[in-house]
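The sequence and structure come next, and the description follows them.

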Amino acid sequence: MLTDIEDKLSDRLKRLNYFLFLIRKNPLMIVGLVIIFGLILVTVFAVQIATYDPIKINPPERLKPPNLKYLFGTDDLGRDIFSRIVYGTRITLRMGMTVITAALVIGSFLGVLAGFFGGIVDEIIMRITDVFMSYPYLVLAMVLTVALGPSIQNAILAMAIVWWPTYARLMRSEVLRIKENYYVKASQGFGASDSFIILGHILPNSWVPVLVQCTLDFGRVIMYGASLSFIGLGPQPPAPEWGAMINAGRFFIENAWWYSTFPGLAIMVTILGFNLLGDGLRDIFDPRLRR
Amino acid sequence: MIPSDDLLIVGNDLKIYFYTYDGVAKAVDGINFTVKRGESFGLIGETGCGKSVTAMAIMGLIDHPGKIVSGEIIYQGENLLEKSEKEMQKIRGKSMSMIFQDPMSCLDPVFTIGHQMIESVRIHQKVGEKEAMKQAIHMIEEVQVPDPHNIMGRYAHELSGGMQQRIVIAMALIHHPQLVIADEPTTALDVTIQAQILRLIRELRLKFNTSMILISHDLGVVHKSCDRMGILYAGNLMEICDKQRLFSNPLHPYTKGLLGAIPKIKEDREKLSVIRGSLPDIKNLAPGCRFEPRCTNSVSRCKKEKPPLSEIEPGHWVACYHLN
């Protein structure tokens, strides 16, 4: 009995070791992980990290270049850009989280329905996704946000509406692939119901590509969110959103380069982090790409 | 005539067609069969002759674009084709079960054997984890896999093909079904393991008093483990009789051809005899006997009408005009 437990433990350890080994072989993924971990820390401890109030106006200190007092300089209303970027992390991550979660839930649900039941259900759901995917994402998101009225909630809603078809398609193709395996037939043969097969066999076998897609999409959602804010369709002033800050800064670009540059760098680093993590995960989970 | 309560399952004029883009494929075209309680019935045929489709129809697992066009499957006095999906789910796995061809792909790669065994217990029995585990371990012992506690924690890919098939058999027989359909259970295994698996199935069958429909293209496999057998050709049953008579006195030209193609140790021959031609296109069939184009002694009537399956001598059914 004791050796049993030891066996199991050493098995677990072996698997963990192998996983760590794969991560170690992938230094770029570690960079991605560090960036994302850092962003999460910044989000949680924004109050402690920020040196100034991100919203309070201070006209005498307007458009100060980066110095020890204001790390990234100040904007045209005298607000500290560093503190605004720190608080902006919260908005950005919240936007990414919500959009991806909503798109994932709606998309996977419909994708599983389409793939599993096929026939007319499949036709209807897939033709709807075709309609959504026949527009450029950003244009459709813009139109929807304008129609709903510019605000952070509506920007999130619009992006979720634009994004779910990706997941519906991905999930459908995964279901079609898994459904052909004999273990699904066998499970049916043992008397399992449809819902049991979906929850017990199809979802556990399909989460890997979905997870990779989520991580890669996270970066893209952040970019689209910043783009919407840039044209004034995201969070409204004085909210410290990165895209909106770039837009505000472009009127002063000739004599205050720091105003647009630092929010831009923040966006770049964030997206880079998620893309590196996504690529790394894909390499780990797809043995064909392993070296 | 066999008393009707002795019959476990009866197929009457079963027709299963597949509606594809380039025409209707008549995969199974009007077959009749019976399986008695405790009996082992072999269904023999070439690839694509409708063996597996028949099995799937009995289980009620025919998928789009396949459709059971007509006929009935009477199982323990009830027509399975009239049952709802819910009712079928209660039958599947509990009173009727299936063993598939490729054991590796029958086990879900992301769960342990134990997880899947417990699952298949709990689909039909409202029991706790502990009790289900006890039953699962007992069943693994029944299929003669050593060290069941250890096996429960393993994944499918960590087992050998023979062990995988034993586990699949354990899962199929865990509720002691009345009928088990084995769809080429040994095709994916090497010859030494084949014999072991067939012996195991027979032992468990006798122990649980389970009837079996064994599907195979291998006459040797069927010879070892079946009491009676049906020869299927292009969706039609050509001959049904018990094992001894099939091998000693085959009547249908197709059966004769099959037996003639088996190499014999005592014979000194350069070449094996073969059946001329190949399987007909089931999307585009002539009205006559399915085997007519390949038959060596066909007459003009064979081209026009399909010969019915008729009883030539007690318990020996043949579909051929030559014998009536």
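## Strand β9 of chain B and its surroundings

Strand β9(B) is joined by 6 bridges to strand β10 (residues 236–242) of chain B, and the two run antiparallel. The model is a predicted one, and the values given here are computed from it. Within this pair M229(B) stands opposite C241(B) of β10(B), and in the hairpin that the strands form, with 2 residues between them, A234(B) takes a positive phi near 45 degrees. β9(B) also pairs with strand β3 (residues 40–45) of chain B, here in the parallel sense and over 5 bridges, with L43(B) having G230(B) as its bridge partner in β9(B).

The two pairings can be set side by side.

| Strand paired with β9(B) | Sense | Bridges | Residues facing each other |
|---|---|---|---|
| β3(B), residues 40–45 | parallel | 5 bridges | L43(B) and G230(B) |
| β10(B), residues 236–242 | antiparallel | 6 bridges | C241(B) and M229(B) |

How many of the 6 residues of β9(B) are buried? The count is 6 of the 6 residues in the strand, which spans residues 228–233 of chain B, so β9(B) is largely enclosed by the rest of the structure. In a regular strand, side chains alternate between the two faces of the sheet. In β9(B), R228(B), G230(B) and L232(B) point one way while M229(B), I231(B) and Y233(B) point the other way, and all of these are buried.

Just after the helix, G60(B) takes a positive phi of about 75 degrees.

In soluble globular proteins, nonpolar side chains tend to be buried together. The largest nonpolar core of this model holds 158 residues, and those that touch the most other members are V99(A), M159(A), V168(B), A170(B), I181(B) and I213(B). For V168(B), once its neighbours within four places in sequence are left aside, the contacts are I99(B), F100(B), P103(B), C106(B) and L107(B).

Chain A has 11 helices and 0 strands, and its C-alpha trace spans about 75 × 55 × 30 Å along its principal axes. Of its 291 residues, 41% count as buried, and among the contacts in chain A between residues at least 6 apart in sequence, 68% join residues at least 24 apart.

One helix pair of chain A is formed by α4(A), residues 81–117, and α11(A), residues 257–285, whose axes come within 11 Å and cross at roughly 35 degrees; the crossing is right-handed. I81(A), I85(A), G88(A) and T92(A) of α4(A) meet W258(A), Y259(A), F262(A), P263(A), A266(A) and T270(A) of α11(A), and the residues of this contact divide into 7 nonpolar, 3 polar and no charged.

The contact between the chains takes 19 residues from chain A and 24 residues from chain B. On the side of chain A that touches chain B, the elements giving two or more residues are α1 (2–24), α8 (182–189) and α9 (194–230) of chain A, with α8(A) giving the most, at 6 residues. The residues of that side of chain A divide into 6 nonpolar, 10 polar and 3 charged.

Technical notes: Residues numbered from 1 in each chain as written. Chains lettered and ligands numbered in written order. Predicted model: local features only at pLDDT ≥ 70, side-chain atom pairs only at ≥ 80, totals over all residues. Core = buried A, V, L, I, M, F, W, Y, C linked by C-beta atoms within 7 Å. Buried ≥ 20, exposed ≤ 12 C-beta atoms within 10 Å, placed from the backbone. Contact = placed C-beta atoms within 7 Å. Helix = DSSP H or I, 4+ residues; strand = E, 2+ residues; numbered from the N terminus. Pairing = 2+ DSSP bridges. Nonpolar A, V, L, I, M, F, W, Y, C, P; charged D, E, K, R; others polar. Axes fitted to C-alpha atoms, helices over the stretch in contact; angles between N-to-C directions. Left-handed = near helix turned anticlockwise from the far one by under 90°.
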